Amino acid sequence: MNVIAPIREAASSHATEHFDVLIVGAGISGIGSAYQLTKQLPDTRFVVLESQESFGGTWRTHRYPGIRSDSDLHTFGYSFKPWVGPPIATADEILKYMGDVIEENDLGRHIRYGHRILSANWSSVTNLWTVHAVKGRAEEPVTITANFLWMCQGYYRHSKGYTPEWRDMATFKGRIVHPQVWPEDLDLTGKQVVVIGSGATAATILPSIAGKCAHVTMLQRSPTYFRIGRNAIELAEELRRLQVKEEWIHEIVRRKILFEQDWFTKRCLTEPEQVKKELIGQISAIIGPEQAARHFTPSYRPWRQRIAFVPDADLFEGIKSGKASVVTDEIERFTENGIELKSGDELKADIIITATGFDLCVLGDIAFSIDGKPLDFADTVTYRGMMFSGVPNLAWVFGYFRASWTLRTDLVAEFVCRLLAHMKAKGVQKVMPALRPEDHNMPLLPWIDPENFNPGYMMRNMHLLPKRGDKPEWQHSQDYWAEKDEIPAIDLDDPAFVYG
């Protein structure tokens, strides 16, 4: 249950501002949503509140070596802004792209940085959200009312990552670092480094530091699937040689990638063993069948967890060169000089990097309440992963795992703008999802089906997330190829929407 945080009483010297829409977060979702709002509902008065000192979200928080996308930028980029670089991009390239979107569309005047939201309370008397925030290092109180909240803050804490509590961690004489809070003064030169983890972050850090430290070892509890390929798209290169307009190239390549992703996802479900063989075969061709079998052969079927793309096979080339290695084992305890494994072996280390995932939070650790009563989102049922039963005038952007996050940003933006226009046409101030009579006996299930998708950071915190039902309206399907047709076709007069 959320606990309402103590709120500083607003000083008489500051006035409460009002906006039609308040967007929370200036990351990839918030910037995309703000753009769509300006284009689809240009008369809407809105503000974007961002807790960090500038835009970017994930791409500003994460500053570890080699930080890059694990989705292609033709689909992770926006539908309205052509991506002209390589498909896998660095954080700096993504930040420049986002900065261009802000500048080209004059979005900066709507964004307020350094604003951390403490609480949001819905009043059924005024049909408004009252948001209490603090700004700057002085934490000056700010109060804003809004007709509608658009939550684009992501799903994990930017201030810290997830690090398990291993036995005897305090005895280690070296340095323990989480990639999410990478120290600027960290010198890896000549050091023995152990990276704990097997996901995209570990796979990015390893080749980035392999030539700088004495040796780097990736310690994983279990293997992960990876895909390998050139960091280039031949079709885009060919179309550029033909001097096709970048807007056309972006749309054509985007459609090609989405078609291929859909085909690959279906194959993972219909012929998982063949796909598994192909994925591991790519790796085996570089590092040999013995290492591929031992360290890169997962026990689960492909796509039950996210599959990271490894551009130009840099992770595996680093292992092949001998500058990096992989150990598949579990941690028994930390020692003064490294890590003792359950096998009895010890990994010597000067620096240990815990690439162990996100610390999930629900809707930004904001203390939500309705008419003064604390709101626990775990007590709600999701409406298509965008809204919540019993929660008025609030939408949440939660993207895809098997496709680019941004694809859903566009779909949710289209839905929210259409919903706001529909409310205006009906002359109503409030909309709230509610279970229909035919929904009341449906089973309530975890937010995501663990048989379908089960990354650790979701499984650890599933109890914090809203419930889903067994009907399409009451679940986040994670299927872009279905939702791209279903969400635009939502009947806004369906009884699942209660207006007032």
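In this predicted model, the buried residues of helix H7 are covered by a set of elements that includes helix H3 (73-76), strand E10 (226-229), helix H6 (234-241), H8, helix H11 (405-426) and helix H13 (480-486). The buried set in H7 itself runs through Ile249, His250, Val253, Arg254, Ile257, Leu258, Gln261, Asp262, Phe264, Thr265, Arg267 and Cys268. Charged side chains turn up in that list too, with Arg254, Asp262 and Arg267 among them. As for length, H7 has 25 residues, and at 1.5 Å a residue these should span 36 Å; the end C-alpha atoms are 36 Å apart, so the two figures agree.

One of the covering elements, H8, deserves a separate look. Helix H7 (residues 246-270) and helix H8 (residues 272-287) have axes that come within 5 Å and cross at roughly 115°. On the H7 side, the contact is made by Phe264, Arg267, Cys268, Leu269 and Thr270, while H8 brings in Pro272, Gln274, Val275, Glu278 and Leu279. Sorted by class, that makes 6 nonpolar, 2 polar and 2 charged residues. Phe264, Arg267 and Cys268 of H7 take part in this contact and are also on the buried list.

Elsewhere in the chain, 3 strands make up an open sheet, ordered E13-E14-E15 with antiparallel pairing. Strand E13 (331-335) and strand E15 (346-348) sit at the edges, each pairing on one side only, and the twist from one strand to the next averages 20°. Between E13 and strand E14 (residues 338-341), the antiparallel pairing covers 4 bridges. Within the sheet, Ile331 stands opposite Leu341 in E14.

How values were computed. Residues are numbered from 1 along each chain as its sequence is written. This is a predicted model: local features need pLDDT of at least 70, side-chain atom pairs count only at pLDDT 80 or more; totals for chains, interfaces and linings use all residues. Side-chain values use heavy atoms; hydrogens and water are left out. Two strands pair if DSSP finds at least two bridges between them. Helices (H or I, at least four residues) and strands (E, at least two) are DSSP runs, numbered from the N terminus. Axes are lines fitted to C-alpha atoms, for helices over the stretch in contact, and angles run from 0 to 180 degrees between N-to-C directions. Contact means heavy atoms within 4.5 Å. The expected span of a helix is 1.5 Å times one less than its number of residues. Buried means under 20% relative accessible area, exposed over 50%, partly exposed in between (1.4 Å probe, protein chains only).
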